[in-house]
Amino acid sequence: MDVLAGLLLIGLPLAYAAAMAVLAPRLLTRGVWRFDRPGLCLGLWQVALHTGLAGAATSFVAAMWLAAVLVARSTAERAGWVSVQAVVLLWVVLAVAGVVGVVVTTQYRRLARDERRARRGLSTLEAEHGIHRAVADGTSITVVESPRAVACALPGRARAVGCRHRVLVSSGLARSLDAGELRAVVLHEQAHLRLHHPLLLRLARLNAACVPLLPGPRELERVSGMLVELIADDAAARHCGDLTVAGALTTIGSLEGDAAMLLRAERLRARRRPRVRRGPARPVVVASAPGA
Ligand SMILES: [Zn+2]
């Protein structure tokens, strides 16, 4: 009975994990509902990912438990054949755990190294070419001298005292947009930071790097990048209105030759949701210190 229960505990969660790996890419990559409800779609992806991983972990723990039961039983009954089964199962489980641990650790270190390098590059750019600095809603905003029309968000480190989230906006972008559109860009980047999108994207990248042969993790990485952009667009549009965000996306997409941004602008124009939160226009740069 113990062995049967153990086999069920190994098989069922593993079957669930496999079902998530196969079904999620098929069910969550179809239909226009993903573009209307990107938050729901990303949430379902996260549920599929985390419950699938939990299923695989449960299966692993059950295999360890079954091996321990078989070892204890074989020792008590002095049954050599059970002992062989237990030892084989134990070695298989330990080998799988070792391989998984090495792969996850190696890929995590590689991704962390790439992120540190990118962060250092942006920090250097901010320090050497920052021409205006301000703080808005707890976020440090820096305009960086550059002809490109780009903006990006840098999450603050939780353990670092006084290290707040940062948004970098190129001067080329600031010159190309009107005040409302520029505010929409900053709100878009702040939404990425507030909703922990960098962390979600890191998990999706790590998942895809650890299991490169399965379609599910690759799809999750691909769609996560798109969905977080739509979610941030919607967050900005709730404050500035769809048309303002669409105008900013059109300008950036045209200047940078980014067709995906033009499609995101079309999505917002097609919806034309009226601005929900009205109020006095707040300047993007609350207080600036040229050259600081
Ligand atoms: Zn974005």
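Reply: First, a term: a crossing is left-handed if the near helix is turned anticlockwise from the far one by less than a right angle, and right-handed if clockwise. Helices (H or I, at least four residues) and strands (E, at least two) are DSSP runs, numbered from the N terminus. This is a predicted model, where local features need pLDDT of at least 70, side-chain atom pairs count only at pLDDT 80 or more, and totals for chains, interfaces and linings use all residues. Residues are numbered from 1 along each chain as its sequence is written.

Me: Which hand has the crossing of helix 6 and helix 8?
Reply: Helix 6 (residues 179-194) and helix 8 (residues 215-240) pack at about 130°, with axes 8 Å apart. Axes are lines fitted to C-alpha atoms, for helices over the stretch in contact, and angles run from 0 to 180 degrees between N-to-C directions. The crossing is right-handed.

Me: How are helix 9 and helix 10 oriented to each other?
Reply: Helix 9 (residues 242-256) and helix 10 (residues 259-271) pack at about 160°. Angles under 35 degrees count as roughly parallel, over 145 as roughly antiparallel, 65 to 115 as roughly perpendicular and the rest as oblique. Helix 9 and helix 10 are therefore roughly antiparallel.

Me: Is H196 buried, exposed or partly exposed?
Reply: H196 is in the loop between helix 6 and helix 7 (197-210). A residue is buried if 20 or more other C-beta atoms lie within 10 Å of its own, exposed if 12 or fewer, and partly exposed in between, with C-beta atoms placed from the backbone. H196 has 13 within 10 Å, so H196 is partly exposed.

Me: What is the phi of H196?
Reply: Most residues other than glycine have a negative phi. H196 is not a glycine, yet its phi is positive, at about 60°.

Me: Which strands are the edge strands of the sheet?
Reply: Four strands form an open, mixed sheet in the order 1-2-4-3. Two strands pair if DSSP finds at least two bridges between them. The edge strands each pair on one side only: strand 1 (130-136) and strand 3 (151-154).

Me: What is the bridge partner of L154 in strand 4?
Reply: Strand 3 and strand 4 (residues 166-170) run antiparallel, joined by four bridges. The partner of L154 is R166.

Me: Which helix lies across strand 1, strand 2, strand 3 and strand 4?
Reply: This helix runs at about 30° to strand 3. The helix is helix 6.

Note on methods
Contact = placed C-beta atoms within 7 Å.
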